[in-house]
Amino acid sequence: QVQLVESGGGLVQAGESLRLSCVVSGRTFSFYTMGWFRQAPGKERDLVATIKPSGSNIYYLDSVKGRFTISRDHAKNTVYLQMNSLKPEDTAVYYCNRVDSAGRVLNEYWGQGTQVTVSS
């Protein structure tokens, strides 16, 4: 099973930026499509962005298009989520996981997530 460690969250004001990181265990990271998810209190976990092994065919949730950028570094087994122009509605716990091309989660286990709180 893939192990995931997310970091980079914090408390920021609206309009500010954060960069989240997710370190993925294993030697086959470069073959995985990866996704970032978020879960706000009392809500379901939503897929925010995905990135294929090549870095192409990126998916973004409509509400984050133009503000968030997903990227990856194969040498570091890490996937990133650059979040700019943050809004209070972006407040959530953010998770990463391995997904298929349709965004379905392929890994049973989740990391601890990283909390993002955006104040107005």
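Strand S5 spans residues 45-51 and is mostly covered, with 5 of its 7 residues buried. Buried means under 20% relative accessible area; exposed means over 50%, and partly exposed lies in between (1.4 Å probe, protein chains only). Strands here are DSSP runs of E of at least two residues, numbered from the N terminus. This is a predicted model: local features need pLDDT of at least 70, side-chain atom pairs count only at pLDDT 80 or more, and totals for chains, interfaces and linings use all residues. Residues are numbered from 1 along each chain as its sequence is written, and side-chain values use heavy atoms, leaving out hydrogens and water.

Start on one side of S5. S4 and S5 run antiparallel, joined by 6 bridges. Two strands pair if DSSP finds at least two bridges between them. Gln-39 has its bridge partner in S5, namely Arg-45. The S4 and S5 hairpin has 5 residues between the strands, and there Gly-42 takes a positive phi near 75 degrees.

Now look at Trp-36. This residue sits in S4, residues 33-39. Trp-36 counts as buried because its relative accessibility is 0%. Its side chain reaches the backbone oxygen of Tyr-80 at 3.3 Å. Ala-49 is 13 residues from Trp-36 in sequence, yet their C-alpha atoms are 5.3 Å apart.

Ala-49 leads on to the next strand. Its bridge partner in S6 is Tyr-60. S6 covers residues 59-60, and S5 pairs with S6 in the antiparallel sense over 2 bridges.

Note on methods
Helix = DSSP H or I, 4+ residues; strand = E, 2+ residues; numbered from the N terminus. Polar contact = N/O pair within 3.5 Å; in protein donor to acceptor, adjacent residues only side chain to side chain.
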